[in-house]
Structures are given as C-alpha cells and as structure tokens.
Amino acid sequence: MRILLVEDDALLGDGIRAGLKLADYAVDWVRDGDAARLALLDHDYHACILDLGLPRRDGLSVLKDLRRNGKQLPVLILTARDTSADKIAGLDAGADDYLTKPFDLLELQARLRALLRRAGGAAAPTLAHAGVVLDPASKQVSRNGQPVSLSAREYTLLHDLLRHKAHIRSRSQLEESLYSWGEETGSNTVEVYIHNLRRKLGADFIHTVRGLGYRLGDPT
Amino acid sequence: MGTRLPAMRLQSLRWRLLRTVCLAALLGLAVSAMLSYRQAQHEAEELMDGNLAQSGRLLLALATDDPQQLADLGARLATLASAGASRYEPLLEYQIGRNDGSLLLRSEHAPESPLSVAPGYSVIEHDGDPWRLLTLASTAGDFRVQVGQSIKLRDRAALEVARQAVLPIALMSPLLLLPLIYFSVRRGLKPLDDLAADVARRSAENLEPLAMRLAPLETQPLLTAVNRLLNRLRETLDKERRFTADAAHELRTPLAVIKVQAQVAQLSIDAGDRQHALAQVLAGTDRATRVLEQLLRLARLDPLAGLPDAGDIDLAELARQVFAELWPTTATQAIQLHSDDSPLLVRGDAELLQVVLRNLLDNAMRYTPAGSTITVFARLRHGERSIGVTDDGRGVPPDDLPRLVERFYRGREAIAEGSGLGLAISQRIAELHDARLEFENLPGGGFEARLRWPRSSPAS
C-alpha cells in the first residue's frame with residue numbers, strides 16, 4: 001500500500017515515515033507543495049497524508065488541485081492548525097480526515113486504515129475472498145479459519161489484490177504498492193511473492209492474466 | 001522614587017475646593033462686615049452730631065442777657081442733666097456767652113474752651129478724654145453757644161448701633177454659608193465621582209475606552225489621555241496573546257516529533273531503527289529547547305525600555321568575533337569576513353548585537369545553496385555604521401521581504417527548518433539600539449541583511 005507523505009519538517013517527516021513503514025506501507029515523502037503536486041500527478045497513491053503549512057505551495061491548494069483533477073484518493077490532513085475554521089476549510093476542500101499535531105502514531109495508523117478501507121468500498125474492517133480473510137488492523141490472515149503466516153511483502157501484495165477484487169492488477173501497479181522511492185526492486189520479485197501466496201493460499205487463489213497482470217480467482 | 005511619596009500630601013480636590021471657597025467666603029464676609037460696621041458708626045456719629053447741633057441751636061434760641069433768666073435756665077438745664085442719661089442721650093455740657101467771648105452761663109462739667117473760636121465742630125482734650133465741641137453763633141451776632149459731648153460716650157453709642165446692625169449677619173452668615181458651600185462643592189464634583197466609580201467598577205480585563213459623552217468638559221483631556229493609554233495597553237495585550245498562541249503553535253511541531261519518534265522507537269523491532277528514532281527524539285527535544293530559549297529571550301527583551309548593560313562597542317571587532325566563532329564549520333558555503341580596519345564605535349550591548357549578527361549569518365547559511373559565498377561585514381558608508389551579512393544566493397521574493405521580521409514567519413521558499421523567531425528577536429534588539437534591521441535584494445543578485453545605525457543616532 002503506497003502512501004504519499006507531504007511534510008516540510010525534517011524530523012517529523014522522518015518519524016511519520018518510519019511509523020508508517022512499521023505498518024508496512026510504502027511511503028513516498030515530499031517536503032513542499034510543488035513536489036507534492038508533481039508526485040500526485042505522476043503516481044497513483046492509495047492515500048495521502050498532507051501538512052497544510054508548506055513551502056512553495058500551501059497544502060490546501062495542493063488538495064484543491066488534486067480534487068479538481070478528479071483524483072479520488074483519500075487525503076488525511078495532518079497539521080498544527082487546530083481551529084474549527086481550519087478544520088472546516090480543510091474538510092470542505094476535499095480532505096477525508098483531519099488530525100492535529102501533536103498526534104498519536106497508533107491513531108494515525110488506525111485512521112489511515114479506515115480511510116483505505118472506505119476507499120476500497122468496504123465498511124467492514126476485514127477483507128475476505130474465497131475463504132481467505134485479511135484483518136488490516138491486526139495484519140492477520142486466515143484461510144478457512146486457520147491462521148496463515150505471511151511475510152510483510154506477501155501481506156502487502158495480498159492486501160492490494162483483495163482491495164481490487166474486480167480488477168486486474170498489473171505488475172508495475174503491484175510493484176508501486178510494494179516499494180517506495182529508492183527501494184531496490186528485483187526484476188522478478190512480484191512473481192516470487194505471487195508464487196509464495198499461491199503456495200500458502202491455494203494455486204487457484206490468484207490467476208495470471210497473460211500480458212496484463214494478476215487478479216483474484218473466482219470464489220469457490 | 002518611592003521615598004518621595006510619603007512627603008507628598010494626598011490632594012483631595014474636594015477639600016481644596018472647600019477650603020478655598022470657604023476662605024474666600026469668610027474673607028468676603030469679614031470685609032463686608034467691616035464696611036458695614038464703619039458705615040453704621042459713621043451714620044451713628046452723624047446722628048449724634050445732629051443731636052448736638054439741635055441742642056446747640058435750642059440753647060442759642062434761649063440765650064439772653066438777663067442774669068435772672070440765665071440762672072433760671074441753668075437750673076432747669078441742670079435738672080435735665082441729672083435725669084439720668086441713657087446711652088443714646090449723652091450728658092449735654094454747654095457754655096453760653098456773648099459774641100465777644102465773655103461767658104454768661106456754663107454747665108458744671110463743660111470744658112473750659114474759649115468761646116471766641118470760629119463756629120463749627122472741633123475736637124479738644126477735656127479731663128483726659130477727647131471731646132467733640134460745636135460752637136454756634138446767633139444770626140444777630142450777639143450770642144455764642146458751645147455744646148460738647150465726650151467722644152468716648154459717643155463712640156460707645158455708635159459702636160452699639162453698629163454692633164446691633166452687623167453682628168447678626170456676621171454670625172449667621174458662616175452658619176448658613178458653610179453647609180451651602182459644602183453641598184455645592186459635592187454636587188459640582190459628582191460627575192467626577194461618577195467617573196471614578198465607573199473606572200472602579202471595571203474588571204482588570206475590561207480595557208474598553210471610557211465613555212467621553214457624559215464626562216465633564218474639564219476631565220476630557222484626562223479621559224483622552226487615559227483612553228489612549230488603554231488603547232495602547234489593549235494593543236500590547238492583544239500582541240502578547242497572539243504571541244502566546246503563536247508560541248504554543250510553534251512548540252507543537254517539536255512535540256509532535258518527540259511523540260511520533262518515541263512511538264516509532266517503541267514499536268520498532270530492528271535495533272538500528274530504534275536507535276535512529278531515539279536519536280530523532282533527542283533532536284526534537286533540542287529543537288523544542290531552542291524554540292523555548294528564543295521565546296524566553298524575546299520575552300525578557302520586550303519589557304525593556306532601554307539597555308541595561310550599554311557600553312561602547314566596536315562593530316568591526318564584533319564582526320571578527322562572530323566570524324571567528326564559526327570555525328570549525330560544517331557550512332556548505334564559503335564564508336568570508338569583510339571588516340573595516342578602523343574601529344566602528346556604537347553604544348549598546350555587545351551580547352545582544354552578537355545575537356543579531358549570528359541570526360543573520362545563521363539565516364544566510366540556512367537559505368543559500370551550497371557553494372555560495374557568504375560575507376560577514378562591518379562597514380562605514382556615507383557616515384553610517386552597519387554590520388550584516390551578504391550572500392550571492394537567490395535572494396528573497398519581494399513579497400516576503402516586509403514579513404521577514406514577523407514572529408514565526410517563514411518564507412514560502414523556506415525549506416530549512418527554523419523557528420521563525422530569530423529575526424523577530426533581532427528586530428527587537430535593533431529597536432533597543434536605535435538601529436534599523438534591513439533586508440535588501442542586491443541589484444546584481446544576492447541578498448543583504450544588515451543592522452544599520454542612521455547618521456542621526458548618537459555615536460559614542
């Protein structure tokens with residue numbers, strides 16, 4: 001799951017990035033409004049955490065641009081501005097959630113989960129398909145009631161496929177959700193993780209669509 | 001200052017007014033009493049003189065050469081005298097004689113004054129007392145009469161008249177006047193009391209202007225001054241409130257850093273990640289401390305009206321010191337010193353001026369790209385002394401220039417971290433030194449930030 005973090009403060013940005021990585025998100029971190037705008041144009045993020053007081057371009061302006069371009073991704077505003085007027089302006093500009101500094105890392109993670117869940121069209125806190133259940137809060141996966149042990153990458157890949165049940169996910173889309181900028185990616189790593197998932201969840205659980213990518217198998 | 005206070009008497013406007021008005025009233029009363037007394041005395045004396053003249057003329061009409069008749073007259077007049085005189089009927093002493101001065105008849109105690117004096121009033125000494133005499137001559141010119149009264153007696157009568165006329169007024173007036181004055185003064189000062197009550201009723205937070213409409217004309221200048229003061233106070237308080245809010249806001253980010261990094265350290269399994277997060281916690285704490293220190297420095301500077309530790313300072317030497325402190329440096333820019341050899345003296349606090357120069361240098365190092373050249377300077381140009389920092393970086397967008405010294409303002413281009421307080425502090429220090437903190441994009445590119453002493457400011 002790939003997140004764009006927009007935060008101009010070096011220490012705070014570093015902390016949030018580390019905190020999100022602990023929850024196995026791939027995090028891209030930019031430090032000003034213009035960079036945020038470009039990153040949002042170039043990449044498909046699952047969600048964005050946006051500071052408001054930014055150099056070069058204000059956070060609200062970034063948000064309005066984003067919505068004007070028809071982008072649907074959930075945006076969580078994370079700022080020191082704590083008046084009701086600020087919150088109203090932020091939410092009305094298109095934000096999905098609003099959190100003020102200082103904040104609790106666990107709360108930020110929970111809010112992000114809720115946003116991603118909603119964006120995936122689900123209200124239930126767990127994702128399920130063909131007897132496989134994934135709980136994003138506890139990061140537990142089970143098959144027919146039996147716990148399944150997955151690596152962080154395998155988990156992320158499965159989460160992505162479950163969130164896009166009806167769609168074919170290309171290799172590059174899956175790679176994007178696995179890795180943030182600057183992380184080394186092997187040429188066949190996605191294939192390796194798919195292979196492992198099939199081994200643990202059943203060969204029919206993931207289908208290969210030749211030339212296009214992967215999708216979940218039909219529910220049995 | 002405080003020792004002078006006890007010596008000063010508290011001045012009550014009411015007592016001052018009462019005292020002055022009462023004194024004036026009493027003085028006026030005394031003068032008018034005195035005049036009335038004089039007038040009454042004068043009238044009484046004229047009355048007495050009239051009596052004297054009447055008696056004299058009566059005697060002149062009765063005067064005769066016949067010794068028998070004269071003796072008769074004398075005897076009858078003597079019985080008159082013994083009838084017991086009232087205060088307003090003093091004893092009549094007389095001499096009757098011929099025009100040539102020869103005496104025909106005289107009362108027993110009549111003064112022995114020659115009859116031949118010119119007719120009219122005169123005052124003589126008789127039995128050790130002053131007497132008033134009236135000498136009359138008959139129209140036919142054959143007789144002369146002289147009548148006299150003791151002035152002492154006359155005065156006693158006049159005094160009595162005057163006293164009866166004046167004393168009641170003199171005694172009653174103060175009794176009537178003083179309460180009247182008291183109540184008038186009270187009533188007159190009532191608007192002032194109302195005003196005082198209005199002020200006293202106010203809570204300490206209420207800095208709204210005092211109502212001018214109902215206040216007495218005399219208090220308007222005072223009210224205007226007080227309102228101006230209230231206004232300034234309110235502005236200052238507003239500024240402080242805003243500042244407190246800003247300061248709290250500014251501490252939020254470092255606190256958020258500390259919290260989030262501490263949580264990351266808690267959640268991290270990898271030892272390296274944990275160490276990194278803990279190092280960041282410390283960095284966040286350092287930053288919160290720095291912000292606090294700057295806030296405290298600013299808070300201590302604000303109330304100062306002047307400089308407590310002013311001395312003579314050589315700006316060239318100051319620039320050399322700040323420059324020397326830089327080394328060893330981790331700066332990615334080339335930093336050089338350009339300082340005049342001759343001393344540039346100003347009056348001020350060296351430590352505070354170093355804070356300014358360090359702030360300017362710090363900003364230049366933060367905001368100019370690596371490889372730029374930064375120059376610390378102290379110079380005399382057109383008779384004006386200045387210290388500051390020049391760089392050959394990109395400068396500051398013109399929109400940002402006037403806002404640079406606002407507290408917590410960080411330019412839109414700012415990517416480096418900073419509290420945004422350094423220039424606000426520098427501005428305050430500049431004000432304390434009668435110097436100007438100025439920023440300028442140089443025509444050939446680059447940026448200059450300087451502290452300049454205008455020519456008129458007092459040199460050492």
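Of the 220 residues of chain A, 41% count as buried. A residue is buried if 20 or more other C-beta atoms lie within 10 Å of its own, exposed if 12 or fewer, and partly exposed in between, with C-beta atoms placed from the backbone. For chain B, with 460 residues, the buried share is 24%. The model is predicted, so local features need pLDDT of at least 70 and side-chain atom pairs count only at pLDDT 80 or more, while totals for chains, interfaces and linings use all residues. Residues are numbered from 1 along each chain as its sequence is written, and chains are lettered from A and ligands numbered from 1 in the order in which they are written.

Chain A holds 8 helices and 11 strands. Chain B holds 9 helices and 12 strands. Helices (H or I, at least four residues) and strands (E, at least two) are DSSP runs, numbered from the N terminus. Contacts were also sorted by sequence separation. Two residues are in contact if their C-beta atoms, placed from the backbone, lie within 7 Å. In chain A, residues 24 or more positions apart account for 57% of the contacts with a separation of 6 or more. In chain B, the corresponding share is 64%.

The largest nonpolar core has 68 residues. A nonpolar core is a set of buried Ala, Val, Leu, Ile, Met, Phe, Trp, Tyr and Cys residues joined through C-beta atoms within 7 Å. The residues with the most contacts inside this core are A:Ile3, A:Val6, A:Cys48, A:Ile49, A:Leu50, A:Leu76 and A:Leu158. Leaving aside neighbours within four places in sequence, A:Ile49 is in contact with A:Ile3, A:Leu5, A:Val6, A:Ile16, A:Leu76 and A:Leu78. Apart from this core lies another, of 36 residues, among them B:Val356, B:Met365, B:Val389 and B:Leu423. In soluble globular proteins, nonpolar side chains tend to be buried together.

Helix α8 of chain B spans residues 350–367. This helix has 18 residues and reaches 26 Å from its first C-alpha to its last, close to the 26 Å expected at 1.5 Å a residue. The expected span is 1.5 Å times one less than the number of residues. Buried positions in α8(B) include B:Leu352, B:Leu353, B:Val356, B:Leu357, B:Leu360, B:Leu361 and B:Met365. B:Asn359 and B:Asn363 are buried there too.

The contact between the chains takes 20 residues from chain A and 24 residues from chain B. Helix α1 (residues 10–22) of chain A gives the most to the chain A side, with 9 residues. By class, that side has 11 nonpolar, 2 polar and 7 charged residues. Ala, Val, Leu, Ile, Met, Phe, Trp, Tyr, Cys and Pro count as nonpolar, Asp, Glu, Lys and Arg as charged, and the others, Gly among them, as polar.

Within chain A, the axes of helix α6 (residues 152–163) and helix α8 (residues 189–201) come within 10 Å and cross at roughly 85 degrees. Axes are lines fitted to C-alpha atoms, for helices over the stretch in contact, and angles run from 0 to 180 degrees between N-to-C directions. α6(A) and α8(A) are therefore roughly perpendicular to each other. Angles under 35 degrees count as roughly parallel, over 145 as roughly antiparallel, 65 to 115 as roughly perpendicular and the rest as oblique. A:Arg153, A:Glu154, A:Leu157 and A:Leu158 in α6(A) meet A:Tyr193, A:Asn196 and A:Leu197 in α8(A). This contact has 4 nonpolar, 1 polar and 2 charged residues.

Several loops carry marked backbone features. The peptide bond from A:Lys101 to A:Pro102 is cis, with omega near -10 degrees. A:Pro102 lies in the loop between β5 (97–100) and α5 (105–119) of chain A. A:Lys139 is not a glycine, yet has a positive phi of about 60 degrees. A:Lys139 sits in the loop between β7 (132–135) and β8 (140–143) of chain A. With 14 other C-beta atoms within 10 Å, A:Lys139 is partly exposed.

In chain B, the loop between α9 (422–432) and β11 (436–441) holds B:Ala435. B:Asp434 is found in that loop as well. Phi of B:Asp434 is positive, near 55 degrees. B:Asp434 counts as partly exposed, with 15 C-beta neighbours inside 10 Å, whereas B:Ala435 has 22 and counts as buried.
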